[in-house]
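Student: I am new to this structure, and I would like to learn how to read its features one at a time. Could you take me through them slowly?

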Amino acid sequence: MQRISTENLANERIKDLFSEAEKNPKLADRYVELARKIAMKARMPIPKAYKRKFCKYCSSYFTSENVRIRTRNSKVVYYCLNCRKYTRYPMIKEKLIKKKLKK
């Protein structure tokens, strides 16, 4: 009998919840909240593919109606229109592409 690790099970469940959040916008915030609770219980981070799809403050799933995305000074700024908070991410990939083009 094969035993499934907690981390693999949590990753699978988080993946399922985010795919359901894309399909059902009314329950998307609840699905994100559940996914975050699962990740915390398993003591693991949310997978990188899903990190920028929700607000880290109010756990709302980002759609075109509730997020504003801007670029500023080599950063990408996600502004949540529900809780009025923002999160900045560095544009690392874009910087690497520019460096490769200069060479």
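Predicted model: local features only at pLDDT ≥ 70, side-chain atom pairs only at ≥ 80, totals over all residues.

Student: How many helices and strands does the protein chain have?

Tutor: Helices (H or I, at least four residues) and strands (E, at least two) are DSSP runs, numbered from the N terminus. In the protein chain there are three helices and three strands, and along the sequence they follow the pattern α-α-β-β-β-α.

Student: What radius of gyration does the protein chain have, and what would a compact globule have?

Tutor: The radius of gyration is taken over C-alpha atoms, and the globule rule is 2.2 Å times the number of residues to the power 0.38. For 103 residues a compact globule would come near 13 Å, but the protein chain has 16 Å. The C-alpha trace spans about 55 × 35 × 25 Å along its principal axes.

Student: How is the packing of two helices described?

Tutor: Two packed helices are described by the angle between their axes and the distance between the axes. The axes are lines fitted to C-alpha atoms, for helices over the stretch in contact, and the angles run from 0 to 180 degrees between N-to-C directions. Here helix α1 (residues 6–23) and helix α2 (residues 28–41) pack at an angle of about 170°, with their axes 8 Å apart. That makes α1 roughly antiparallel to α2, given that angles under 35 degrees count as roughly parallel, over 145 as roughly antiparallel, 65 to 115 as roughly perpendicular and the rest as oblique.

Student: Which residues of α1 and α2 meet?

Tutor: Contact means heavy atoms within 4.5 Å. On the α1 side, A10, R13, I14, L17, F18, E20 and A21 take part, and they meet A28, Y31, V32, L34, A35, I38 and A39 in α2. The residues of this contact divide into 12 nonpolar, no polar and two charged, where Ala, Val, Leu, Ile, Met, Phe, Trp, Tyr, Cys and Pro count as nonpolar, Asp, Glu, Lys and Arg as charged, and the others, Gly among them, as polar.

Student: Is A10 buried or exposed?

Tutor: Buried means under 20% relative accessible area, exposed over 50%, and partly exposed in between (1.4 Å probe, protein chains only). A10, which lies in helix α1, is buried because its relative accessible area is 6%. Leaving aside neighbours within four places in sequence, A10 is in contact with I38, A42 and M44. In the chain as a whole, 27% of the 103 residues count as buried.

Student: Is M40 buried or exposed?

Tutor: M40 is found in helix α2, and with a relative accessible area of 56% it is exposed. M40 and K26 are 14 residues apart in sequence and 24 Å apart in space, C-alpha to C-alpha.

Student: Which contacts does C58 have beyond its neighbours within four places in sequence?

Tutor: C58 has its place in the loop between α2 and β1, and with those neighbours left aside, C58 is in contact with C80, N82 and C83. C58 counts as partly exposed, at 33% relative accessibility.

Student: What is phi for R43 and for S59?

Tutor: R43 has a positive phi of about 55° although it is not a glycine, and S59, also a residue other than glycine, has a positive phi near 60°. R43 lies in the loop between α2 and β1 (67–72), and S59 is found in the loop between α2 and β1. R43 counts as exposed at 79% relative accessibility, whereas S59 counts as buried at 10%.

Terms used
Residues numbered from 1 in each chain as written. Heavy atoms only, no water.
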